[in-house]
Amino acid sequence: MSQREWIEKDFYKELGVSSDASQDDIKKAYRKLARDLHPDANPGDTAAEDRFKAVSEAHAVLSDPAKRKEYDETRAMFANGGFSSGGGFGGGGGFSGGGQSFDFGDIFGGGGTTAGDGGIGDIFGGLFGNRGGATRTSNRPRRGKDVETETTLDFREAALGVTVPLRLTSPSACTNCHGSGAKPGTSPRVCPNCNGAGVVNRNQGAFGFSEPCDQCRGSGSIIDEPCEECRGSGITNRTRTITVRVPEGVSDGQRIRLAGQGEAGLRGAPSGDLYVTVRVRTDPVFARDGDNLTITVPVGYGELVLGTTVSVPTLEGRVGVKIPAGTADGRVLRVRGRGVPKRGGGSGDLLVTVKVSVPQKLDDAATDALKTYLDAEQASGFDPRAGWAGA
């Protein structure tokens, strides 16, 4: 993709959000589109696959505040007359407007953007970042894009850790040429025009500029016999299944980074990373409070009054919890070390909330016994509403 094509893309339109959308709005829009357009949900639909790639590309830029800022500023600058001669790039690798010339290296070359990170600095800085005729040698094959996907786990799987297979459809290294782009048995050769730098210097007055080498198109190498399967790119689109180890204690919405498992880089360049967002299903028994596991246990009134020991479930087996005599309804009892495992070792606690379960119907014997108890309770001077509401 050329620098002009990149700038002219409307990433906000791809995601269906406004240019002042918040990061949360961008994330929500991407998740919905990625879920609807994912190749697994649209097998054989090339249009959906192309849209999925476009949406992923837009999200990669707009989800990163630094890249988004550069993207916005550059598009605004171009929209305000940054192109010379009716919107074209100047011959020296910069652009002119309002009688003043600019060098892309001044704008993007020194802003701390790392070459090869897929941002604007990578696109412009490596191509137009030279001044005074100095040769820049930071050009290198483009790193593959990062890929994002999601997986949904049961509550216990997320708490205890699990290994899950993920099926991905994305650009990967060509298996025929092993990512080199050259026909098996041959190898790319260093471009004689730029000596492998990918850029050549041009002088324009007192300034020196660099522009992509027209012989190797900025790659630094020439392939005389391209691989028939990938046509020299070193990349093919394929479906693969990878095994992901989800660590114990992962929470809903947490992202796991798998280095080098994203899209393949061009002609053997490093692959991008894979980011897996974990979604955790709710559990009918357990909930979480940080690293603590919470549970509500139904008990009878008599059990709270007289005290008892109840058996409660944990993530691994059951444990007995002692309820002291006179325990109030809603009290939280703590069982240490029986909660969610922590990353650094150890576990949180199990927080047990006791809740009185009231019988909906009693037989005659139980009713008579309860009335007798209430009479005895009243005779002892106990008033459940003593001191309540001014009583």
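Predicted model: local features only at pLDDT ≥ 70, side-chain atom pairs only at ≥ 80, totals over all residues.
Visitor: How many bridges join strand E13 and strand E17?
Guide: Strands (E, at least two residues) and helices (H or I, at least four) are DSSP runs numbered from the N terminus, and two strands pair if DSSP finds at least two bridges between them. E13 spans residues 292–299 and E17 spans residues 350–356. They pair in the parallel sense, and the number of bridges is seven.

Visitor: Which strands stand at the edges of the sheet?
Guide: Four strands form an open sheet with mixed pairing, in the order E12-E13-E17-E16. Two of them have a single partner strand each, so one side of each is left without a neighbour in the sheet. Those edge strands are E12 (287–289) and E16 (332–335).

Visitor: Where in the chain is confidence lowest?
Guide: The chain averages a pLDDT of 79, with 79% of the residues scoring at least 70. Over residues 82–139 the pLDDT is below 50. Confidence is highest in E16, at 96, while the lowest mean, 39, belongs to helix H6 (residues 104–109).

Visitor: Which element gives the largest share of the lining of the second largest pocket?
Guide: On a 1 Å grid over the protein atoms alone, a pocket is an open set of points where a 1.4 Å probe fits, with protein on both sides within 12 Å along at least five of seven lines; lining residues have an atom within 4 Å of a point. This pocket is lined by 21 residues, and Tyr 30 is one of those nearest its centre. Helix H3 (23–37), helix H4 (46–62), strand E3 (147–153) and strand E4 (162–173) each give two or more residues. The largest share, seven residues, comes from H3.

Visitor: Which residues is Leu 33 in contact with, leaving aside neighbours within four places in sequence?
Guide: Leu 33 is found in helix H3. Contact means heavy atoms within 4.5 Å. Beyond those neighbours within four places, the partners of Leu 33 are Glu 14, Leu 15, Arg 51 and Val 55.

Methods: Residues numbered from 1 in each chain as written. Heavy atoms only, no water. pLDDT = per-residue confidence, 0-100.
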